[in-house]
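Here are a few exercises to work through with the model open beside you. Try each task before reading on to its solution.

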Amino acid sequence: MRYAARRLAQAVPVFVVTTFLIYTMVFALPGDPMLALAGDKPVPEQVLAVMRQRYHLDEPLLVQYGHYMLGVFHGDLGETFTGQPVSELLQDRWAVTAQLALTAWVFELVVGIGLGVLAGLRRGGAADTAVLAGTTFVIAVPVFVVGYTAQIVLGLGLGLFPTAGTDDGWPGSYLLPGMVLGSFGLAYVARLTRTSLVENLRADYVRTATAKGMVRRRVVGLHALRNSLIPVVTFLGVDFGNLMAGAVVTEGIFNLPGIGQQVFQSIQLQEGPVVVGVVTLLVMVFIAANLAADLLYGVLDPRIRRARA
Amino acid sequence: MRVTRSRTAALAAAAIMLSGGCGGSSSGGAKGADADRFSVALTEPDHLTPGNTSSDYSITVLDTIFETPVSIDAAGGRPVMRAAESVTSTDQKVWTIKVRQGGVFSDGEPVTAQSFADSWNATAYGPNGWTNNYYFANIEGYDKLNPANGDPSTDRLSGLKVVDDHTLEVTLTAPFSQFPITLAYIAFAPMPKAAFADLKAYDQAPVGNGPFVLDGAWEHDRQIKVKRSPSYNGERRAKAGAVTFRIYAGRDTAYTDLRAGRVDLLTTIPPASTAEARRLLGDRFLRTPDGTMDYLGFPTFDKRFASRDLRRAFSMAIDRKAIVDAVYDGAFKPMASLLAPLVPGYRENACGEACAYDPAGAKALFDQAGGFSGTLTLWFSNADPSYEQWMTAVANQLKQNLGISDIKLRKVPASDYLSSLRERKEDGPYRNNWVMDYPSPQDYLEYMWGAGNRMGWENKEFDDLIKQANSAPGLDASLPLYQKAEDVALAEMPMIPLWNWQNQVGFSTRISGVDVTPYSKNLYAISVKQG
């Protein structure tokens, strides 16, 4: 437990440093966000002045950041240029991205490990070749190509899935985008599982277990697979954070109003507080997901747990 | 086969996912209770307070919830009375607006002269920081609400006088013959008393005097629902029972949804998909005129662009038609006028030979003007991929037809583009765009070529003509004067007209009565086919 607490405490400096870095980056973007908001229309100087003052844009970086942090301590994440509270906005969007990432993640986990085991046990066979070729293809093709193709073929053409939006709720609206988002990670999970299983099947303890007369199902399931999953769990832990961040493209294609879409828009509009809020949350998810993965090692391999105690 | 179990599990999971998907998509269409509802693809609006938005998306929604004093007749570009009964003046400076009797807000409050005065005062009040503030700059007393320094001493425009419940007298700072047309703009809509108790809450849930009322909360980035207003008694009574604005982050996805039948009306089919849309939708694909124009502006404050012959030579060297065909599938209209075709006073060939493609003539004029040495930089923003396409074409034509060998493209992030122009950082011709506010030559000429324009162009004759046209006795008398001003600007050519936009509209088989004009999407006129 002390281990978990220490990992969580690490989040505090990470939080401060990330927010400040992000703030600096948004601040350093060229252009005037207030002018960009108006598009090609003229905006009276008075209105610009009022708006700049309202969002502290007329003050130096450190003062702006100070205002932001002060707000955070009071539980106020500021508001967007259109006057929507950032906390409310994140709440709405958070759920969408979490559902999407979770769908993708479960897809990766179930189908990825499944394919990996299938390929690993039949090394050199047709199934193995198919899995290797398929995963190479998925890794090579950019996500937006997979996304648009899936949308046009499976959504529009065959009508198997809704083309876009969240009307059908979870899981209906999230299956196709989740599979698209998860396809990249799935390829890695399958390959990691396969390689690691192949290696473990040749290990001494597997030979020993087999020699002792244990049935193959138990050898594979209890011994080989369990050990093989350690690198996979590491990957899945890191990847959950990746999925949250990788949602930018998928959410765009499938019009899911999540965090990814928001961060893209907010960077364009140079909305410092929103970008900082979103990125901070992403950092938190990363830390939590990695922590969960680390703790899981202990479950899979007691030696790791004892070494730390 | 000891693996069978895990493989079965994987397949089962995939099968569950697939079957879930099937069930989902079938519920995407119309539901029984909503049979009289249609949907419109939209981008997330910024605000829903009439005084605080100039974005087309917001206005599409507000146009259903509010009624402005007049609206614009699409055929003639003339004002038609809506919330107003009449708008009159004897000197173009003091205007009397008679408010239609019997109009009500959906909360039951009657629409009176005071409702307009309150709404306009709030919009003009500087500290509110509302986008449409500048629409009230020509009403007397505006300066007091927007002092250069410090807080304003008043929040009431002295030029607004409520004579009685149904009469509003507006005094302008100078005669302005186009005033009635401007009243069609959303900024002039009235707001009920309840709005001023909490303007922030009102922005999320506006109450108006239009044919529709908000139906439930504004679900940000998802949808906005409106339904037919039971209290509305004007001319635009809604045919359909309700409208859902489905919010999309990108036009491409909206178009895919239109094809999948998940959205009924899309007024912004992306240029890249128009050819396909025309083929797929047949007579459910419409091209409607638009007031938006693209221009190529010159930084005339830079002495390399000071010669008017050089600027005219550039104009003659650009093959507008070829570019429009290649980049916009021929959907946009090449222009030889500074005004869009639907604006009263538009002349098809106001520009004459200076806007006709003539490579030989262009080259001769170019040489005569002394040519151009050094690097020619062309400026545009990255807001839309088509900008780079047509700018590249322009660069090639200038290279080919005028022999300018050293041409550089300067693509600026959209967020930085306008501030760059404002600070006059551009050192070469730049993309300029104008979205019409109301169909008057004044809306184009005065804002784009008038005092303090981006080009740094100064011309007293032009300014005088605009002033005369603004104080002319009525619309018809003003047009010849605006045309004269346009001639001056075209002769000097500080900014080259390129093309006029068209809207690409597509709709589903479920609806009829689609009537999209540059002034309104006229959603009230759409009916849902039954059965």
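What share of the contacts in chain A with a separation of 6 or more comes from residues 24 or more positions apart? In this predicted model, such residues account for 77% of those contacts.

**Exercise 1. Describe the fold and overall extent of chain A.**

Step 1: start with the secondary structure.

Step 2: turn to the dimensions. The C-alpha trace of chain A spans about 85 × 55 × 30 Å along its principal axes.

Step 3: look at burial and surface. Chain A has 309 residues, and 49% of them count as buried. Its accessible surface comes to about 14200 Å², with 68% belonging to carbon and sulfur atoms.

**Exercise 2. Find a nonpolar patch on the surface and say which helix gives the most to it.**

Step 1: locate the members. Phe144(A), Val145(A), Tyr148(A) and Val249(A) form the patch, and together they have about 320 Å² of accessible area.

Step 2: assign the main contributor. Helix H8 of chain A, residues 143-157, gives the most, with 3 residues.

Step 3: examine one member. Phe144(A) sits in helix H8 of chain A. Its relative accessible area is 47%.

**Exercise 3. Characterize the interface of chain B and chain A.**

Step 1: count the residues. The contact takes 59 residues from chain B and 61 residues from chain A.

Step 2: give the area. The size of an interface is often expressed as the accessible area lost when the parts come together. Here the two chains bury about 4900 Å² between them, with 57% of it on carbon and sulfur atoms.

Step 3: list the polar links. There are 2 salt bridges between chain B and chain A. One of them joins Lys200(B) to Glu79(A), where the closest N and O atoms are 2.8 Å apart. Across the interface there are also 9 residue pairs in polar contact, with both residues at pLDDT 80 or more.

Step 4: Several elements each supply at least two residues, including helix H1 (4-26), helix H6 (199-204) and strand S10 (242-247) of chain B. H1(B) gives the most to this side, with 12 residues.

**Exercise 4. Is Asp384(B) buried or exposed, and which side chain does it contact?**

Step 1: Asp384(B) is in the loop between strand S14 (376-381) and helix H12 (385-402) of chain B.

Step 2: apply the cut-off. Buried means under 20% relative accessible area. Asp384(B) has 16%, so the residue counts as buried.

Step 3: find the partner. The side chains of Asp384(B) and Arg251(B) are joined by a polar contact of 3.2 Å.

**Exercise 5. Examine the backbone of Asn255(A) and Asn522(B), each with a positive phi.**

Step 1: recall the background. Most residues other than glycine have a negative phi.

Step 2: read the angles. Phi is near 50° for Asn255(A) and near 45° for Asn522(B).

Step 3: Asn255(A) lies in the loop between helix H11 (216-253) and helix H12 (259-269) of chain A. Asn522(B) lies in the loop between strand S18 (511-512) and strand S19 (527-528) of chain B.

Step 4: check burial. Asn255(A) counts as buried at 6% relative accessibility, and Asn522(B) is buried at 11%.

Methods: Residues are numbered from 1 along each chain as its sequence is written. Chains are lettered from A and ligands numbered from 1 in the order in which they are written. This is a predicted model: local features need pLDDT of at least 70, side-chain atom pairs count only at pLDDT 80 or more; totals for chains, interfaces and linings use all residues. Side-chain values use heavy atoms; hydrogens and water are left out. Patches are made of residues with over 30% relative accessible area and no salt bridge: like charges are joined within 9 Å, nonpolar side chains (Val, Leu, Ile, Met, Phe, Trp, Tyr) within 5 Å. Accessible areas come from the Shrake-Rupley method with a 1.4 Å probe; for residues, only the protein chains shown count as cover. A salt bridge is a side-chain nitrogen of Lys or Arg within 4 Å of a carboxyl oxygen of Asp or Glu. Helices (H or I, at least four residues) and strands (E, at least two) are DSSP runs, numbered from the N terminus. Buried means under 20% relative accessible area, exposed over 50%, partly exposed in between (1.4 Å probe, protein chains only). Contact means heavy atoms within 4.5 Å. Buried area is the accessible area (1.4 Å probe) that two parts lose on being put together, summed over both. A polar contact is a pair of N or O atoms within 3.5 Å; within protein, one must be able to donate a hydrogen and the other to accept it, and residues adjacent in sequence count only if both atoms are side-chain atoms.
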